[in-house]
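This briefing is for a reader who has not seen this structure before.

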Amino acid sequence: MDAVLTTRALTDELKKLCFALGFDAVGIAHAEPLDSERHRLDIWLEKGYHGTMYYMERTRDKRLDPHLVLASVKSVIVVAESYDTHFRHTNCPENGKLSRYSWGDDYHDVLLPKLGRVAEWLTEQIPDCESKAYVDTGPVMEKQWARRAGIGWQGKNTNIISRRIGSFFFLGVVLTSAELEPDEPIADYCGTCTACLDACPTGALVEPYVLDGSRCISYWTIETKPTTEFPTDIRQRLDGWLFGCDVCQDVCPWNRFRKESHNEAFMPRLGETSLALNAVLSMTEEEFRQRFRQSPIKRAKLAGLKRNARMLHTSIECPQESDAHETDHFR
Ligand code: B12
Ligand code: SF4
Ligand code: SF4
């Protein structure tokens with residue numbers, strides 16, 4: 001019979017497996033209620049910064065306590081995988097820009113099977129081990145676990161940033177009953193920088209580290225119902241974004257150190273990092289299905305994408321006059 005691995009050895013082997021599966025970073029946090037986040041999450045919800053993302057309210061308790069998601073949980077494994085390929089945005093007024101995360105395949109489909117393999121491996125080591133894997137698919141505060149697991153710090157733009165791989169990465173977590181060696185959180189390296197707050201086209205970063213989701217371009221173009229029209233001030237500040245927004249990460253100096261992804265799954269389909277607005281407006285359901293099969297963009301549905309294109313069209317017709325946002329921060 002194989003010798004049982006010590007906690008340290010089990011953790012080391014597990015991390016090796018994560019890197020072998022193609023993750024760019026992995027860290028471990030001790031599973032405990034997120035007491036220090038409770039107050040901040042409550043204020044965020046009270047202020048209505050979640051907009052119509054009512055699931056954030058409904059799942060509040062579970063988000064704050066991983067034991068309500070998996071009663072036997074002892075450790076939270078957090079992985080990060082970069083999605084920034086060598087492709088770059090171009091500024092073409094007839095097109096709408098797609099945020100980097102949406103260029104290729106749906107990240108849930110890319111990361112979740114690999115996390116399934118991690119859970120399976122844990123069961124091979126500890127037969128009665130219970131694990132649950134999530135990639136933005138459950139009531140888990142992934143960024144807060146990433147912070148605790150030392151993947152990076154939470155930047156003033158509210159994304160997790162790593163000094164080694166920047167912030168253009170997806171997070172995934174495995175809640176597990178396995179006892180693992182936790183990592184230490186790292187320091188905040190934002191310093192006196194405010195580039196993200198200054199650059200946000202809609203002023204959604206209402207104070208350092210706090211995002212009013214209901215002002216974020218990402219929220220309006222991805223999360224709202226296709227029948228929802230954007231308020232005028234949002235429409236006028238779309239800054240050319242058709243689906244999602246990368247501005248607060250594009251301007252972040254730490255993304256000079258980002259790790260380029262060579263994963264074919266994240267390469268832009270047809271090499272396109274933006275879509276012609278006229279092509280979107282005349283797209284048929286069949287074309288949409290074919291073009292965006294297993295893509296994050298299918299979440300918006302054709303009606304949502306067309307609505308975004310219409311909103312962008314009208315924002316081009318009546319651009320904001322005095323404080324038009326500088327769009328030229330794409331390398
Ligand atoms: C809801 C959600 C959104 C919402 C709200 C975003 C937000 N910042 O909360 C919207 C639709 C706007 C959105 C947009 C995007 N999202 Co999103 N989203 C989520 C989701 C489902 C939940 C996040 C959450 O819990 N929000 C609630 C608020 C309260 O959390 P918070 O920002 O961490 O708030 C904390 C801080 O404000 C902090 N705080 C308050 N005051 C202070 C003061 C100090 C000093 C400090 C240190 C902290 C602090 O306390 C709060 C509570 O802990 C996660 C997946 C998940 N299950 O976790 C993905 C997730 C966060 N999204 C992700 C991505 C990629 C994006 C986009 C980049 C997509 C795009 N290109 O358009 C944008 C980025 C926008 C931005 N600047 O954050 C990734 C982020 C990866 C990373 N590197 O961090 C995640 C983790 C998905 C994933 N699995 O990869 N998203
Ligand atoms: S994603 Fe865009 S709109 Fe949202 S906070 Fe960042 S810069 Fe502002
Ligand atoms: S742009 Fe500056 S303030 Fe914003 S997250 Fe990056 S380092 Fe922090």
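**Ligand 1**

By class, the shell around ligand 1 is made up of 19 nonpolar, eleven polar and eight charged residues. The model is a predicted one. In total, 38 residues surround ligand 1.

- At least two residues of the shell come from each of α2, α3, α6, β7 (169–176), β9, α8 (217–223) and α10 (247–250).
- Helix α2 gives the largest share of that shell, with four residues.
- The side chain of K143 has an N or O atom 3.0 Å from an oxygen atom of ligand 1.
- At N157 the backbone is involved: one of its polar backbone atoms is 2.9 Å from a nitrogen atom of ligand 1.
- A nitrogen atom of ligand 1 also lies 3.3 Å from a polar side-chain atom of D246.

**Ligand 2**

- The residues around ligand 2 are C200, P201, T202, A204, L205, L211, C216, I217, C245, V247 and C248.
- Sorted by class, this shell holds ten nonpolar residues, one polar residue and no charged residues.

**Helix α2**

- Helix α2 covers residues 35–46; at 1.5 Å a residue its twelve residues should span 16 Å, and the 17 Å between its end C-alpha atoms agrees with this.
- Which residues of α2 are buried? They are E37, L41, W44 and L45.
- Viewed down the axis of α2, the buried residues fall within an arc of 90°, so they line one face of the helix.
- An α-helix has 3.6 residues a turn, so residues three or four places apart point the same way.
- H39 and E46 are exposed, on the other side of α2.
- The cover over the buried residues of α2 includes α3 (55–58), α4 (60–64), α6 (142–148) and β9 (210–211).
- After α2 comes G48, which has a positive phi near 75°.

**Buried residues in loops**

- S167 is in the loop between β6 (160–161) and β7. With a relative accessibility of 4%, S167 counts as buried, because the cut-off is under 20%.
- The side chains of S167 and Q249 make a polar contact at 2.6 Å.
- Leaving out residues up to four places away in sequence, S167 touches I160, I161, Q249 and N255.
- R100 sits in the loop between β3 (95–98) and α5 (107–125). Its relative accessible area is 1%, so R100 is buried.
- A polar contact of 3.1 Å joins the side chain of R100 to the side chain of D250.
- Neighbours within four places in sequence aside, R100 is in contact with Y83, D84, R88, H89, F168, D246, D250 and R258. One of these, D246, also has the side-chain atom 3.3 Å from ligand 1.

**V174 in strand β7**

- V174 belongs to strand β7, and its relative accessibility of 0% means that V174 counts as buried.
- Not counting residues up to four places away in sequence, V174 touches S75, V76, I77, L115, V118, S131, K132 and A133.
- V174 and E272 are 98 residues apart in sequence, and their C-alpha atoms are 33 Å apart in space.

- T158 is a residue other than glycine with a positive phi, near 75°.
- The place of T158 is the loop between β5 (153–154) and β6. Is T158 buried or exposed? T158 counts as buried, because its relative accessibility is 6%.
- K301, also a residue other than glycine, has a positive phi near 65°.
- K301 lies in helix α13, which runs over residues 301–317. At a relative accessible area of 52%, K301 is exposed, because the cut-off for that class is over 50%.

Key. Residues numbered from 1 in each chain as written. Chains lettered and ligands numbered in written order. Predicted model: local features only at pLDDT ≥ 70, side-chain atom pairs only at ≥ 80, totals over all residues. Heavy atoms only, no water. Expected span 1.5 Å × (residues − 1). Buried < 20%, exposed > 50% of the residue type's maximum accessible area, 1.4 Å probe, protein only. Arc of directions from axis to C-beta. Contact = heavy atoms within 4.5 Å. Near = heavy atom within 4 Å. Polar contact = N/O pair within 3.5 Å; in protein donor to acceptor, adjacent residues only side chain to side chain. Nonpolar A, V, L, I, M, F, W, Y, C, P; charged D, E, K, R; others polar.
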